[in-house]
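Hi everyone, thanks for coming. Let me put today's protein on the screen, and then I'll talk you through it.

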Amino acid sequence: MDNGSFRVTGDVELIDMEGNKFETKETFSLCRCGLSQNMPFCDAAHKGKFQSVVRAPKNE
């Protein structure tokens, strides 16, 4: 999302570098700004403080 989180949808596992799994829902958002108090998930702390429109390429 422009100037916001990275939205993830579908049946995915989120695992940290130590192999620990995060509990997720069918749709969740990951922090891209580093300001979230609920890392790695977005808590909207970026609002008004983060400028980035870099997007992941679409799979076609």
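Let's start with the surface. The protein exposes about 5,000 Å², with carbon and sulfur atoms supplying 49% of that area; accessible areas here come from the Shrake-Rupley method with a 1.4 Å probe, and for residues only the protein chains shown count as cover. Please keep in mind that this is a predicted model, where local features need pLDDT of at least 70 and side-chain atom pairs count only at pLDDT 80 or more, while totals for chains, interfaces and linings use all residues. Residues are numbered from 1 along each chain as its sequence is written, and side-chain values use heavy atoms, with hydrogens and water left out.

On charge, there are 8 positive and 9 negative side chains, and the centres of the two sets lie 10 Å apart. Lys and Arg count as positive, Asp and Glu as negative, and His and the chain ends are not counted; each charge is placed at NZ of Lys, CZ of Arg, CG of Asp or CD of Glu.

Now the fold. The protein has four strands and zero helices, taking strands as DSSP runs of E of at least two residues and helices as runs of H or I of at least four, numbered from the N terminus. The C-alpha trace spans about 35 × 30 × 20 Å along its principal axes.

How much of the protein is buried? Of its 60 residues, 22% are, where buried means under 20% relative accessible area, exposed over 50%, and partly exposed in between (1.4 Å probe, protein chains only).

Have a look at Leu30, in strand β4, residues 27-30. Leu30 counts as buried because its relative accessibility is 17%. Leaving aside residues up to four places away in sequence, Leu30 touches Ser5, Phe6, Val8, Leu14, Pro40, Phe41 and Cys42, a contact being heavy atoms within 4.5 Å. Phe41 is eleven residues from Leu30 in sequence, with their C-alpha atoms 4.3 Å apart.

His46 sits in the segment after β4 and is buried too, at 11% relative accessible area. Its partners beyond four places in sequence include Asn3, Gly4 and Cys33.

That brings us to the cysteines. Cys33 is partly exposed at 22%, and Cys42 is partly exposed at 23%.
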